[in-house]
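User: Hey, I'm new to this one. Could you walk me through it?

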Amino acid sequence: MIMTSKEAEGLLKKGVAYAARAKNREALACFDRALSLDPDNPEGWYLRAAVFIGTGRNTEALADCERAITLNQNFAGAWSEKGLALHNLGRYEEAVSALTRALGLNGNDATAWYIKGVCLDELGRTAESEEAYARSLELEIILDIEKESKRSG
């Protein structure tokens with residue numbers, strides 16, 4: 001079992017590398033194999049969901065996010081991806097709920113704040129959407145400053 005888990009971890013890393021180069025077919029093959037070896041690894045479901053979202057397969061992404069969340073209810077990334085998948089499916093109320101949960105777990109997720117703003121905007125909740133957009137922008141500025149200071153430091 002330990003060997004299987006290590007092999008699965010290696011496949012997840014390889015899948016992430018493929019995904020970073022937009023080699024989605026290869027990434028999905030790695031994630032599928034990793035999940036067949038270790039179906040109780042929430043990160044595998046989350047990573048595959050991200051590729052599904054990137055390729056427009058939002059219904060499949062949503063199912064993978066649900067699986068990741070079932071395995072770890074405090075997995076902020078899975079909640080965030082679930083919100084994005086729901087947004088892409090036009091299910092804005094559900095997306096806001098998932099993103100609110102994600103942000104409760106990791107309030108520094110600029111993308112989750114932005115997508116939450118988009119969903120709130122779609123729902124006509126303008127004041128709330130403006131707050132979410134402002135928080136997203138604030139976090140993006142902070143992240144840019146941190147990145148620049150690491151480069152010059």
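User: Before that, what kind of model is it, and how do you number things?

Analyst: It's a predicted model, where local features need pLDDT of at least 70, side-chain atom pairs count only at pLDDT 80 or more, and totals for chains, interfaces and linings use all residues. Residues are numbered from 1 along each chain as its sequence is written, and side-chain values use heavy atoms, with hydrogens and water left out.

User: OK, helices then. At what angle do helix 3 and helix 5 cross?

Analyst: Roughly 25°, with the axes of helix 3 (residues 42–54) and helix 5 (residues 76–88) coming within 10 Å. Helices here are DSSP runs of H or I with at least four residues, numbered from the N terminus. The axes are lines fitted to C-alpha atoms over the stretch in contact, and angles run from 0 to 180 degrees between N-to-C directions.

User: So are those two roughly parallel or antiparallel?

Analyst: That angle makes helix 3 roughly parallel to helix 5. The cut-offs are under 35 degrees for roughly parallel, over 145 for roughly antiparallel, 65 to 115 for roughly perpendicular, and oblique for the rest.

User: Which residues make the contact?

Analyst: From helix 3 you have Y46, A50 and I53, and from helix 5 there are G77, A78, E81, L84, A85 and N88. Contact means heavy atoms within 4.5 Å. By class, the contact of helix 3 with helix 5 has six nonpolar, two polar and one charged. Here Ala, Val, Leu, Ile, Met, Phe, Trp, Tyr, Cys and Pro are nonpolar, Asp, Glu, Lys and Arg are charged, and the others, Gly among them, are polar.

User: And how do helix 6 and helix 7 run, parallel or antiparallel?

Analyst: The axes of helix 6 (residues 92–105) and helix 7 (residues 110–122) come within 9 Å and cross at roughly 150°, so the two are roughly antiparallel. Their contact has ten nonpolar, one polar and two charged residues.

User: Switching topic: how many aromatic pairs are there?

Analyst: Two. Rings of Phe, Tyr and Trp (its six-membered ring) pair if their centres lie within 6.5 Å; planes under 30 degrees apart are stacked, over 60 edge-to-face, and the rest tilted. Y46 and F75 form a tilted pair, 5.0 Å centre to centre with 45° between the planes. Y46 is in helix 3, while F75 sits in the loop between helix 4 (58–71) and helix 5, 29 residues apart.

User: Is F75 buried or exposed?

Analyst: F75 counts as buried because its relative accessibility is 17%, whereas Y46, at 23%, is partly exposed. Buried means under 20% relative accessible area, exposed over 50%, partly exposed in between (1.4 Å probe, protein chains only).

User: What's the other pair?

Analyst: Y114 and Y133, also tilted, at 5.5 Å centre to centre and 50° between the planes. Y114 is in helix 7 and Y133 in helix 8 (residues 126–152), 19 residues apart.

User: What about A22: where is it?

Analyst: A22 is in the loop between helix 1 (2–20) and helix 2 (24–37). Its phi is near 60°, a positive value in a residue other than glycine. With a relative accessible area of 58%, A22 is exposed.

User: Last one: what does R48 touch?

Analyst: Leaving aside neighbours within four places in sequence, R48 is in contact with L28, F31, D32, L35 and D64. R48 belongs to helix 3 and counts as buried at 15% relative accessibility. The C-alpha atoms of R48 and L28 are separated by 6.4 Å, though the two are 20 residues apart along the chain.
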